[in-house]
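Colleague: I am new to this structure and would like to learn how to read its features one at a time. Could you take me through it, giving the general idea before each case?

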Amino acid sequence: MASQFSGESSHKVDSKGRVAVPAVFRRALEVGNPSRKPGEKPTVHVVYGSSQTSYVECYSESSMNGIIERIRKLDLGSLKRRWLDWVYNTRKYDAQLDDTGRLLLNARVREKLGIANEVMFVGAGDNFEIWNPEDYDQETLKHEDFMSKLVERYGENFHPLQLLDNGADGKGSRKGKRRKKKNRDG
């Protein structure tokens, strides 16, 4: 069973930078850390990465191993590999949850996020993100604006899952186009 991070929730950060990880995320971390010993708390790979992102990414052991394997397949010395190594191997730290399920956000993460005493946890499938609540509110507005544009383009009956049936450009996948052509041709 693969770990899945979904949902969003707001959590307080204490004066030492500790924050309680949502219970559903803790369970996904446990599933995604198959090599941990019984009673051992799961490891969280905290990627603070580039200054171009306004959030940090958190991965289970399995998810991070998958990323590292994909990076290793790139040409040694290529700019792409060097940059991805920098983001996912250098600009990160590994932490274990404490006995109460809290994660320590180090000084770099707290500085990057500009947090005072609260963060947003946001599920992103194979990982979760930690945001400053104000930045997350702005990101939510961008998603709402995008959805409005899709409704304008495709009509009021548009459903987000239609994007899975269409190509990334919204014009439809080849398979979908072949199906439409076949239906037209009889």
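Colleague: Which elements do the buried residues of α5 pack against?

Modeller: This is a predicted model, and in it the buried residues of α5 pack against β1 (8-12), β7, β8 and α6 (162-165). The buried residues of α5 include P133, Y136 and L150.

Colleague: How should I read the way such residues are arranged around a helix?

Modeller: The general idea is that an α-helix has 3.6 residues a turn, so residues three or four places apart point the same way. In this case, seen down the axis of α5, the buried residues fall within an arc of 85°, so they line one face of the helix. The face turned away from that buried side carries exposed residues, namely E134, L141, K142, E152 and R153. As for its length, α5 covers residues 133-154, and its 22 residues reach 31 Å from the first C-alpha to the last, close to the 32 Å expected at 1.5 Å a residue.

Colleague: Turning to strands, is β3 mostly covered or mostly uncovered, and which strands does β3 pair with?

Modeller: In general, the side chains of a regular strand alternate between the two faces of the sheet. Here, strand β3 (residues 43-47) is mostly covered, with four of its five residues buried. Five bridges join β3 to β5 (residues 92-96), and these two strands run antiparallel, while β3 also pairs in the antiparallel sense with β4 (residues 55-59), over three bridges.

Colleague: How many residues does the largest nonpolar core have, and which of them have the most contacts inside it?

Modeller: The largest nonpolar core has 24 residues, and those with the most contacts inside it are L103, L105, F128 and I130. Two or more residues come from each of α1 (23-31), β3, β4, β5, α4 (107-113), β7 (118-123) and β8 (127-131), and α1 gives the most, with three. Leaving aside neighbours within four places in sequence, I130 is in contact with Y55, V56, C58, L103, L105, L113, V119, M120 and F121. Apart from this core lies another, of nine residues, among them V47, Y59, I71 and V87.

Colleague: Where is the pLDDT below 50?

Modeller: For the protein chain the mean pLDDT is 88, and 87% of the residues reach 70 or more. Over residues 172-186, however, the pLDDT is below 50, and this stretch has seven contacts in the model beyond near neighbours in sequence.

Conventions: Residues numbered from 1 in each chain as written. Predicted model: local features only at pLDDT ≥ 70, side-chain atom pairs only at ≥ 80, totals over all residues. Heavy atoms only, no water. Buried < 20%, exposed > 50% of the residue type's maximum accessible area, 1.4 Å probe, protein only. Pairing = 2+ DSSP bridges. pLDDT = per-residue confidence, 0-100. Contact = heavy atoms within 4.5 Å. Core = buried A, V, L, I, M, F, W, Y, C linked by side-chain atoms within 4.5 Å. Expected span 1.5 Å × (residues − 1). Arc of directions from axis to C-beta.
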